[in-house]
Amino acid sequence: EFRRVLFRSVSSVNISAGAQDSITYEAAEQLYLKGDHANAARSFDEYLKKFPDGYFALNARFYKAESDYRNKETAKALEGYLFVTEAPKSIFTEKSLLRAAGILYATNKKPDALPLYQRLENSADFRDNIIEAQAGQMRCHYDAGSFDNCILFARKLIEGDKVPNELVREAHLMYARSAMA
């Protein structure tokens with residue numbers, strides 16, 4: 001008898017929109033944290049359909065993009081990363097710039113990758129991301145035939161701190177090829 005009364009009182013409780021927002025997001029986030037990226041991507045997508053301007057919408061877009069990236073759904077991932085890069089700066093901006101630029105470069109959309117690499121170099125907090133941004137710009141300029149700019153970024157890498165030896169060798173090669181051109 002007590003259970004029936006308790007059930008009736010609990011089943012008639014209305015959960016606020018804010019609580020629904022939080023619960024829905026947290027369920028998707030748990031899937032992401034467990035490494036279940038296929039289900040996490042679907043859950044974040046459901047969250048965004050239900051709460052497109054929800055409290056966790058930016059987080060959901062970023063983690064959905066990360067899940068899509070890990071699921072090798074690069075077109076979907078790119079869409080999410082670009083959304084995050086256009087939003088006000090957040091803890092997700094730097095990684096979104098890095099991933100979006102990398103996807104664009106890898107899919108031969110190098111002219112679109114260049115401004116993202118530029119933004120990343122100017123806004124990154126992590127040295128590794130600054131190095132990656134400079135390398136991306138060097139490669140984009142070389143591929144576009146902008147050899148003076150390629151040399152500029154090759155120098156930054158050659159003279160930079162904590163640049164991996166392999167990248168320094170690549171920078172020397174790009175410098176030489178650009179000087180020859």
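Student: How do you know how the axes of helix α7 (residues 110–123) and helix α8 (residues 127–144) lie to each other?
Tutor: Their axes come within 8 Å and cross at roughly 150 degrees, the axes being lines fitted to C-alpha atoms over the stretch in contact, with angles from 0 to 180 degrees between N-to-C directions. The helices are DSSP runs (H or I, at least four residues; strands are E, at least two), numbered from the N terminus. This is a predicted model, in which local features need pLDDT of at least 70 and side-chain atom pairs pLDDT 80 or more, while totals for chains, interfaces and linings use all residues. Residues are numbered from 1 along each chain as its sequence is written, and side-chain values use heavy atoms, without hydrogens and water.

Student: Why are α7 and α8 called roughly antiparallel?
Tutor: Angles over 145 degrees count as roughly antiparallel (under 35 roughly parallel, 65 to 115 roughly perpendicular, the rest oblique); α7 and α8 cross at roughly 150 degrees, and are therefore roughly antiparallel to each other.

Student: Which residues of α7 and α8 make the contact?
Tutor: Among them are Ala113, Leu114 and Tyr117 of α7 and Ile130, Ala133 and Cys140 of α8, where contact means heavy atoms within 4.5 Å.

Student: What makes α6 and α7 roughly antiparallel?
Tutor: Helix α6 (residues 93–106) and α7 pack at an angle of about 155 degrees, with their axes 8 Å apart, and they are therefore roughly antiparallel to each other.

Student: Which residues meet there, α6 against α7?
Tutor: Leu97, Leu98 and Leu104 in α6 are among those that meet α7, whose own residues include Leu116, Tyr117 and Leu120.
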